[in-house]
Amino acid sequence: MGVTCVCHVPVSEGKSVQQTVDVLHRKLEQLGAVKQGSFWVDCETYHATGNVSGQPTKLLYMMHNSETPLSCMGLFEGGPCLIADANFDVLMVKLKSHFQNAKGHKVECRGSRYRYCDFLIKVGTVTMSSSARGISVEVEYCPCVVPGDCWNLTKEFMQSFLGPSVPELPSVFAAKPEGLFAPSDCMDTMTQYLELFNKLRKMQMPGSNVR
């Protein structure tokens with residue numbers, strides 16, 4: 001896995017989520033990107049039970065990614081993070097006295113996967129309770145694992161099909177002790193998806209009745 005940037009793309013004025021996704025697909029294909037199947041990322045929220053009275057409830061996010069189908073990623077609110085095999089989902093059922101599943105809070109992102117030279121691009125629709133909440137774009141520069149060595153190149157490529165929607169450097173890279181020169185990993189990608197999902201949870205989509 002190379003250096004990855006995950007960002008939110010606003011829905012174009014006067015268009016639906018799907019119409020905006022279709023526009024992004026066309027722009028990528030015009031650049032010469034080749035479609036290579038589909039992808040998905042999901043996230044379930046668990047509340048820690050039995051916490052000390054008066055203390056805020058700690059959240060645990062269980063995430064999965066089609067790029068790593070045999071792994072399950074657990075991200076505690078505020079850290080730490082862990083990676084386990086898929087049986088971790090079964091373990092969570094047995095830990096229901098300690099972690100309670102927040103029903104109705106599952107978020108999914110599904111869409112198409114494209115390859116352009118050394119870039120892997122994924123354009124997804126983020127849904128919650130079967131309602132579209134927004135659009136995600138993930139861009140991975142596969143040959144490099146050091147953000148400081150390839151961010152400008154990645155940003156320039158993203159500008160070619162996202163225009164002004166290109167994000168700034170993901171905060172997950174700058175937050176590391178070594179800064180931009182710490183090798184990136186899959187947890188960096190999942191942390192960015194979690195930030196995006198939490199942002200979209202709070203947004204009200206036009207024409208949506210989901211609060």
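Tutor: Contact means heavy atoms within 4.5 Å. This is a predicted model, in which local features need pLDDT of at least 70, side-chain atom pairs count only at pLDDT 80 or more, and totals for chains, interfaces and linings use all residues. Residues are numbered from 1 along each chain as its sequence is written, and side-chain values use heavy atoms, with hydrogens and water left out.

Student: With which residues is valine 137 in contact, neighbours within four places in sequence aside?

Tutor: Valine 137 contacts Cys5, Val6, Cys7, Val9, Leu24, Ile121, Lys122, Val123, Phe161 and Leu162.

Student: Why is serine 136 called buried?

Tutor: Buried means under 20% relative accessible area, exposed over 50%, and partly exposed in between (1.4 Å probe, protein chains only). Serine 136 has a relative accessible area of 0%, so serine 136 is buried. Among its contacts beyond four places in sequence are Cys7, Tyr193 and Leu196.

Student: What makes cysteine 7 count as buried?

Tutor: Cysteine 7 has 5% relative accessibility and therefore counts as buried.

Student: How do you know that cysteine 7 is in no disulfide?

Tutor: A disulfide is a pair of cysteine sulfur atoms within 2.5 Å. By this rule the count comes to zero. For cysteine 7, the nearest cysteine sulfur, that of cysteine 5, is 5.3 Å away. For cysteine 186, the nearest is that of cysteine 81, at 9.7 Å.
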